[in-house]
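This report describes selected contacts and packing features of one protein model. The sequence and structure are shown first, and the description follows.

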Amino acid sequence: MFTENKTTELKREYVDDIKNTAIAFANCDGGTIYVGIEDDGTVRGVEDADGTMLRVTNAIRDAVRPDLTMFLDCRCETMEGKPVICVRVQRGTARPYYLHSKGIRPEGVFVRRGASTVPASEAAILDMIKETSGDSYEAARSLEQQLTFEQASAFFRSRNVAFGPAQMRTLHLIGPDGTYTNLAFLLSDQCSHTVKLAVFEGSKKSVFKDRQELTGSLLQQLEDAYGYIDRFNRTRAEFSGLDRVDIRDYPPEAVREALLNALVHRDYAFSGPTLISIFEDRIEFVTIGGLARGIGLEDIRLGVSVLRNPNLANIFYRLRLIEAYGTGILRIHECYAGAAVQPAIETTDHAFKITLPNLNFSRETENAPSTRPATSLGKREARVQKVIGLCRENGWVVRKDVEAALSVSQATAILLLREMTRDGLLVKRGTAKNLRYYLAEM
């Protein structure tokens with residue numbers, strides 16, 4: 001006598017929802033569907049055994065994703081002298097299985113509850129994804145499978161990098177089961193993770209001057225975010241005699257590296273946006289997700305790189321957006337070498353912040369200049385003393401002397417001499433090529 005339970009389903013004849021029950025068995029502990037047996041256990045048999053088996057296997061093959069056929073055994077058995085179709089379904093290894101037409105959502109994913117086949121909850125779906133995909137967000141199957149890649153395709157074309165079905169598999173946008181991964185979702189036009197940018201008046205978050213939220217493919221967000229920041233990255237001119245030196249508020253390379261760091265290394269398992277705040281004296285990049293497990297802030301400063309999203313980083317590497325892993329923070333600090341103000345990095349268990357100071361921000365307008373890091377103050381003081389020593393030795397210095405003695409750029413030398421003049425340590429005499437800096441009389 002047959003009875004329905006968690007692993008047994010009875011069907012009088014073939015019905016279309018057999019595929020739902022097959023999905024439920026594959027998502028749970030497996031089970032058997034008997035076609036040709038009444039709900040009360042009475043064996044009726046089927047009239048066309050071969051045709052019924054074909055309908056069952058075709059329905060499951062065509063409607064269910066990922067492919068379930070390797071976990072399926074459909075055969076005809078004789079019970080009480082009558083042909084009965086037995087569809088044995090094993091627990092699958094690529095859960096959750098779902099109806100292709102519905103996607104990975106409750107109306108497309110089924111589980112067994114006692115003797116019933118019911119839609120799975122969103123929590124149950126996420127648990128199955130995590131169980132079969134591990135802790136890697138980017139490798140897990142995307143809940144959204146109706147994805148398009150117009151923005152990503154255009155970006156790949158602009159970089160002369162192929163982006164077809166074969167490349168999408170190689171880059172892990174398509175998983176072994178033929179479904180889109182979360183990495184594909186991040187590059188798709190449907191990506192729901194956003195970047196929020198805001199420009200504030202002064203150095204506090206009191207008055208908004210402008211704001212924007214970016215959506216779509218991460219590649220498009222990267223391009224749009226850099227363009228937005230560049231609009232507010234002013235160029236200011238310094239004159240050394242007849243020579244003009246243009247200095248951006250923020251080194252473009254530092255902005256680029258901070259932005260790439262924010263997009264490549266954030267934790268996309270959380271839905272909050274990446275935040276970029278532009279003030280008069282600084283830009284702050286705040287990313288969800290602290291440091292990767294096992295490394296500290298000092299390790300990051302030394303160039304140690306533990307990738308949270310290695311496949312995403314590999315795509316950015318192939319697109320020549322990053323040159324090598326672990327060099328971004330080092331490059332940012334190199335951009336500020338010799339500057340009186342230095343980038344700052346802060347981290348918590350769930351967030352990471354990079355602050356880029358404005359090189360052209362007047363020191364007189366800073367509220368608390370003494371809050372600069374001790375290493376920044378020490379480096380500047382050492383350079384100041386070096387310039388003072390040169391003045392005492394030679395009687396005066398010119399900009400090129402400072403560049404050579406300190407091994408710094410022209411812009412850095414100009415900034416240092418300007419600040420020492422403003423602080424009353426040096427005085428300028430002469431013009432153009434005859435411009436010299438002398439020690440101020442105390």
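In this predicted model, the buried residues of helix α1 are I18, K19, N20, T21, A22, I23, A24, F25, A26 and N27. The helix is mostly covered, with ten of its ten residues buried. N27 belongs to helix α1, which covers residues 18–27. Its relative accessibility is 4%, and N27 therefore counts as buried, the cut-off being under 20%. Apart from neighbours within four places in sequence, N27 is in contact with R91, R95, P96, Y97, V109, F110, V111 and M128.

**Aromatic pairs**

A search of the whole structure gives eight aromatic pairs. A pair of aromatic rings is described by the distance of the centres and the angle of the planes. Two of the pairs are set out below.

| Pair | Centre to centre | Angle between planes | Geometry |
|---|---|---|---|
| F2 and Y34 | 4.9 Å | 50° | tilted |
| F71 and Y97 | 6.4 Å | 70° | edge-to-face |

F2 is located in the segment before β1 (8–11), whereas Y34 is in strand β2 (residues 31–35), so this pair ties together parts that are 32 residues apart in sequence. F2 has a relative accessible area of 24% and is partly exposed, while Y34, with a relative accessible area of 12%, is buried.

The rings of F71 and Y97 are classed as edge-to-face because their planes stand at 70°, and the cut-off for this class is over 60 degrees. F71 is in the loop between β3 (64–65) and β4 (72–79), and Y97 is in the loop between β5 (82–89) and β6 (98–99); the pair therefore ties together parts that are 26 residues apart in sequence. Both F71 and Y97 are buried. Y97 is also one of the residues in contact with N27.

Ring pairs also join F149, F156, F163 and Y180 into a cluster.

**Charged groups over rings**

The charged end of R211 is positioned over the ring of F208, at 3.5 Å from the ring centre. Likewise, the charged end of R429 sits over the ring of Y438, 4.8 Å from its centre.

**Packing of helices α7 and α8**

Two packed helices are described by the angle between their axes and the distance between the axes. Helix α7 (residues 218–231) packs against helix α8 (residues 252–264) at an angle of about 145°, and their axes are 11 Å apart. The crossing of α7 past α8 is right-handed. Which residues of α7 meet α8? From α7 these are L218, L222, A225, Y226 and I229, and they meet P252, V255, R256, L259, L260 and L263 in α8. The residues of this contact comprise ten nonpolar, no polar and one charged.

**Surroundings of R331**

R331 is part of helix α11, which spans residues 328–335. With 24% relative accessibility, R331 counts as partly exposed. Leaving aside neighbours within four places in sequence, its contacts are E253, E257 and E323. R331 and E257 are 74 residues apart in sequence, yet their C-alpha atoms are 7.4 Å apart in space.

How values were computed:
Residues numbered from 1 in each chain as written. Predicted model: local features only at pLDDT ≥ 70, side-chain atom pairs only at ≥ 80, totals over all residues. Heavy atoms only, no water. Axes fitted to C-alpha atoms, helices over the stretch in contact; angles between N-to-C directions. Helix = DSSP H or I, 4+ residues; strand = E, 2+ residues; numbered from the N terminus. Left-handed = near helix turned anticlockwise from the far one by under 90°. Contact = heavy atoms within 4.5 Å. Nonpolar A, V, L, I, M, F, W, Y, C, P; charged D, E, K, R; others polar. Phe/Tyr/Trp six-rings, centres within 6.5 Å; stacked < 30°, edge-to-face > 60°. Buried < 20%, exposed > 50% of the residue type's maximum accessible area, 1.4 Å probe, protein only. Lys NZ or Arg CZ within 6 Å of the ring centre and 35° of its normal.
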